[in-house]
Amino acid sequence: MKTIGRVDIHSPAPKGCTIAPSPGSPIYPDGVFTKLWFAKHQRQVPALLIAFFEISADEDSAQNEQIQIDINAIRTALGRSGFKSRFAAVLMSDQSILRAPELEDRLTAIRRATTLDTKTGLFFMPPMSSQAEIATYVQSMLTALQPLAVEYYRELTKHARRKKIRGGPAGSLTSPVDGGAHALSTPGWNVRYEVKQGVFAESRQEMDVAERHYSAAIEELFGSDGILEATPSWSPRWNEARLLCDVVALRVLRCELWSNLTTSAVISWTNYKARMRDLVDRRGKGTQTYSWHAWEARWAEIMAQLIQRAAVPALRPAVNQAAEDSAVLAAATPYAPPEKTAAAADRLPFHLLHHPGYWLRLAVGSARARWLVALAIPEEDRTPPGQSPASAVAHRAKSYDTFLASDPHEEYPLAKRHAYDHIADISRLVDEAIREFAMRNQSRATDRLTFDLAQQLAAAERFGPALERLLPIWDECTWRDDDWDDLIVPLLTLLHDCARRCDDVEVHVATAWELLSLSSPTGSDGLLEYFGRSWPQTSNIAVQIENRQRLSPLTARFAFGNFETHVGDWIECQLTLSSQAPQAMPALTLSQVTMTLSNAKTVSITHQQEQEQPPDRSLFYDFTDDAQENADGSLILEADLRLPHARARTYGFRLSFKEAGIVRLQQLSLRLGDDRFSIEHIYSDANLVRGASLFVQAGDVLEERPLPYADATATTVLPKPPKMQMVLYGLRKQYYLSEAITLDLELVNDEAEAANAIVVVSAALPGDSKITVHWQGEEDEGRELDIGRLDVSAAHRASLQLIAPPEPAACTLTLEVKYTLLYFAPSAKPTSDEPEGIPQRWRLGSLLRSSAADALLIRAVRLTKVGDISDAECSVLDPTALDEQMLKPEQDMQVESEFVTRKLSFDDRRPTSMAFMLHVDWSRGEHADIVTASLEVPRLNLPSSEPRVLCTVVNEKSEEHRPILQYQIENPSGHFLTFALTMEANEDFAFSGPKFRTLSVAPLSRVCVQYRLLFHDAGDEAVEDGGKGRWIWPVLQVVDSYYNKVLRIHSGGPGVGIDGKGRLSVQVTELEE
C-alpha cells in the first residue's frame, strides 16, 4: 500500500491526550487531541491504494480471472472498512502490446470485470529498460492520480468542518478515573478541528489555507479562555497543551517556508517564542530553568531543520567555488531577501531568514545555558527519588520544570554514569553549525564556534578533544593577521594548557613562544628554564616556525646600505633585533641568527656574551672593518644576542658580490635554545623583515637615518666598472705633413686584483688615406701590444710611433685596453686552434610516433652530429637515462637531448647551421633482438649573437608555497642592450615583481628577473614529484629598445614548454609534505 500526496515533515503529536473518533482512542471527553489520529491519517489509512499485478502474454485466461478476483476483493475490503480510500491497479507486463497484441483483449476484459477507469483506475506498464523511463512513467501516473487524492482530503475537510460547526459534544455519562465528568470546552473543540482541517489542507498542498487553520488553533490555545490559560500549570494537561501548541506552530513555519514567505516565517518564529516566554513566566516556573533553555535549543534546531528541508534557493551554498573568488563572495548573502509583501517599516534586520547555521548557533547558546543551569542544581536534588525523602521529591516536583527535559537527578546526577551528556549535545549542534558555515565560506564563524566548543570541553576536563578542536584554529585562523588580541590570547592560553595536560611538548613550546609577544606564560622564569621545569624528562625538542605562521616576541629588520653596488665593491648591511617580551621576564638570548641571500651567500651571527651595557640606550655592533668573508663567500660573526625588553641591538657588516644581478634577502632565521629545547623562527617573506632606515654612530649618539628607497632587502649588483687608468703624454693639437710622431702611453692598474692587459690602437683618416702606426720596440707592425701581468697599483709605459699623412687631414686615434682580472681569468690561455666564442647550451625536443601495427619497446634514444661544422665546435651531452617504454601504435613519445655549441672565433656573429641524426634502439619485446633506427633531424640554424630569453620555474618546498618564475635575459653581443619588460596581468595568479621595467644588459652577460606567484585557487592535476599542480600561461613581453623587436621566450628547464598555440606554458606544483 502507498499513500499518494506530498511527502510531509511529520511532527510528533502530544502523547496521552484523549478523544478522537478514531478506533482504539481513549474516550476521555476532556482531552483535545491524540497521536492516534495522526497515525491514522499519516500511516494507517491511505488516500489512495495502488496494487500491482503481473500479467504475462504467455499465460491463459486463468491469470485474468485471478487478477479480477483479487482486484474485486481489495475493493470490497475497502468498502467494508468504512474509509473512502481510492483504489488503482497497475498491470506490469513482460511484453508490450505491439509485440503481444492479444494483451489488449485481456486488458479490456479486466476493465469490464472490475469497472475501473483506464485513466484513473487501471494502468498498463510495459517492460522498461532504464531507470529514467520508469521514473517518467511513474511521474505521469502520479499526475493522473493526484486529483483523486485531493478529492479524498477535500471530503475529509468537509466532514471536519461540519463537526466543528455542530459544536462540542454533551457531557459524557461515563465517569473517568478521577470520578468527575469533564466535557470538552468550546476553545478545545475549535482547536481540535482547526488542526484537522490544517492537516487535510497540507495534504492537498494548499499551504495558505493550512496556515490559516493552524494560526487559528494557536490563537484558541493562547486565548483568555484557551486551554493554556484555563488549565492549571501543575496539571499534566498543561504540558500536553504546550506540546500540541509547539506542533501546530511548527506546521505554521513549514507552510510559510513552502510558500517562500521567508520573512514571515522568521517573524512567526520570533513572535511564538516571545508568547511562550511570557506564558511560562506568568503561569509556569519561569524561564531561568534548564527546561526552558532545552526548549529554546530545540525550537532553534527545529527552525534549522525546516530551512534545510525547505531548500530555500537564496540560501543554497555555492558549489565548487573557491573562497578567493571575490565576485562569488560579493554575490553570496547569509540570508534570504525579504518578500515583497513584507512591510519595510515593521521589519527588523534579524527578521530576514538566515541560513541554518545561524539557527544552529542559537541552539548552541541555549544548550550551553542549559548546561550552566544544570551545574547549579543543589546536591540534595541530584539524588534519585528512591534515595530521597518524600518531602524532597515533592519539593522537586514544585520547583523544577521538566517539560521536554530530564528530572534533576538525571540532568546532573551525583553518579555521572547515567547523566545527560550536555557536552555531546553541544558538540553535535556545533558540528552541524560549522558544516553550514563552512559551506558558505564563513571561516571566522566556524573558528569562533570551534573555539567556544573547545572552551566547554576544557571546562568539562576533556582536554584531548579540546586539543583536537583547537589545533586547526591555531594553524588556520586569521586572528593573528587581523590583530584580534582579545581572541588570540585566550586561544593560545587554552591551547597551552591543553598541550601541557595532554603531554604535547611541541605544541606547548610553540604556544609559549607565541604567547611571549602578548602575555607572560613563564612568569619570572626564563623561557628555557620554564621548559626545563615543565618537562624535566624531555630532550631533543625542535620547533620550527615560518613567517606569520606564529606570532613572535622578536622583531627583525634587515637593510642594504645602498640600492645598487658594483661587482667586487663593498656594500654596508645592517640587522636590527628587538624584543617585545614582557618586561618582567628575563632577556631572551638567541643562539644564532642566519641570513641567506638569493646568490647562496650566508651571514651567521653566533652568541658571544659580553658585559652588561647601560639600559638607557640601544646597542650598535660594527663589523664593517674587521669581518672577513670565508672562501665560500659566507660570513661568520660573533656578538651578544641577548635581547632585553624594549632594547634594540643593531649589527652592521659589509658584503661584496662577484656576479652582477639583483641580490635579495631570501631567508632570515632566528634560533633560540640549547641541546634540549630549540625554537627556530624563519622569515622567507621579505616584507616581514624589511628595514626602512640605517643607524649611524655619531659620537655617543646613535642616529637613525631613513633610506630613500622602498625595498631595502634587495640591491642591484652592476657589472664591475673598469678601473684601468690610461694616460697619453706628448699629444699636441696639430702636427705637420709626414712628421714622425711619438706618443708615450702609461697604464696604471687601480683594480683590487692583478690583471692581464692588451692595448689595441687604431687610426682613421677620411677617404682612402692611410697612416702608419706601430708600437716602439715591437718587431712586427701589429696594432696590439701584449702587456701581460700588471699588478695592483702598478704602472706600465709604452711608446706609440706613427707617421703623419702627406696631405692635410684630421686623424682619429683610438686606444683600447682589454684586460682580465686574474681571479676571473681562465687557468690557461687558449691556443689558436681552440674555440674562443661563448659556450651556448641547447635543448632539442623530439616527438616520436609509432606507425607500426604492434607495440614497440623503446630501449634508448641517442643524438649524434652529422658532418663537420666549419665555424663552430659542437659537443652532444650524454643522454639522460631513459626508462624502457612501450610505444603503442599511433602513440607519441617525448624525448629531449642537449648539446653545446661554441664559435671558433669570438668576433663571428653569423648563425651556425648543423645537422643531427636521432638513433632509436627498439625491439618487439623484452627478449627480442634490438634494432637501431636512424632518423634524420631537420637542419637547424642557431643564432649566436642575438639576445634571447629563457624561462625556468622554481617550486619552493615550504609551508607557504610560492613558485618563482625566473627569466634569464642573455646578451651575447659586444655592446650594451636595453630591454623593456612588461608582465601582463593574469586571471589565474597574482605576482610579486616589476610590472613595467627597463633593463640594461652588459655585453656577454646574463641578467635574471624573478616573479613570485600567488594563485587564486588550488590546482587539481597530479604531477610527477607528488602533490598537486596546474598549468599556467604567463605573458612577459621583452622588447629590444634599439631595434624595437619583441624577443621570443624559450624554455630553459623542466616544467616549461610551448603549447600548440605557440604560448609559453609553465607547470607549477604544490609539493606535499
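In which sense do strand E36 and E38 pair, and over how many bridges? Select strand E36 (residues 977-983) together with E38: the two pair in the antiparallel sense over 6 bridges. Two strands count as paired if DSSP finds at least two bridges between them, and the labels themselves are DSSP runs, numbered from the N terminus, with helices (H or I) of at least four residues and strands (E) of at least two.

Before moving on, note that this is a predicted model, in which local features need pLDDT of at least 70 and side-chain atom pairs count only at pLDDT 80 or more, while totals for chains, interfaces and linings use all residues. Residues are numbered from 1 along each chain as its sequence is written, and side-chain values use heavy atoms, with hydrogens and water left out.

**Stop 1**

Now widen the selection to 4 strands, which form an open antiparallel sheet in the order E38-E36-E42-E43. Strand E38 (996-1001) and strand E43 (1045-1047) are at the edges with a single partner strand each, so one side of each has no neighbour in the sheet. On average, neighbouring strands here are turned by 30 degrees against each other, direction ignored; the axes behind that angle are lines fitted to C-alpha atoms, for helices over the stretch in contact, and angles run from 0 to 180 degrees between N-to-C directions.

**Stop 2**

Next, select strand E9 (residues 592-597). With 5 of its 6 residues buried, E9 is largely enclosed by the rest of the structure. Buried means under 20% relative accessible area, exposed over 50%, and partly exposed in between (1.4 Å probe, protein chains only).

E9 and E10 form a hairpin with 4 residues between them, and Ala 600 in the turn has a positive phi of about 75 degrees.

From strand E10 (residues 602-607), step across to E12; this pairing is parallel, over 5 bridges. Ser 604 has Ile 636 as its bridge partner there. Color strand E12 (residues 635-639) by face: Leu 635, Leu 637 and Ala 639 are on the covered face, Ile 636 and Glu 638 on the uncovered one.

**Stop 3: helix H6**

Jump to helix H6 (residues 207-222). Its 16 residues should span 22 Å at 1.5 Å a residue, and the end C-alpha atoms are 22 Å apart, which agrees; the expected span is 1.5 Å times one less than the number of residues. Among the buried residues of H6 are Glu 211, His 213 and Tyr 214. Show what covers the buried residues, including helix H5 (186-203) and helix H8 (236-258).

**Stop 4: salt bridges**

Which residue forms a salt bridge with Arg 254? Glu 202 does, with the closest N and O atoms 2.7 Å apart. Arg 254 is in helix H8 and Glu 202 in helix H5, so the pair ties together parts 52 residues apart in sequence. Both residues are buried. A salt bridge here is a side-chain nitrogen of Lys or Arg within 4 Å of a carboxyl oxygen of Asp or Glu, and the structure holds 48 of them.

Finish at Arg 859 and Glu 884, whose side chains meet in a salt bridge (3.1 Å, N to O). Arg 859 is buried at 15% relative accessible area, whereas Glu 884 is partly exposed at 42%.

Methods:
Contact means heavy atoms within 4.5 Å.
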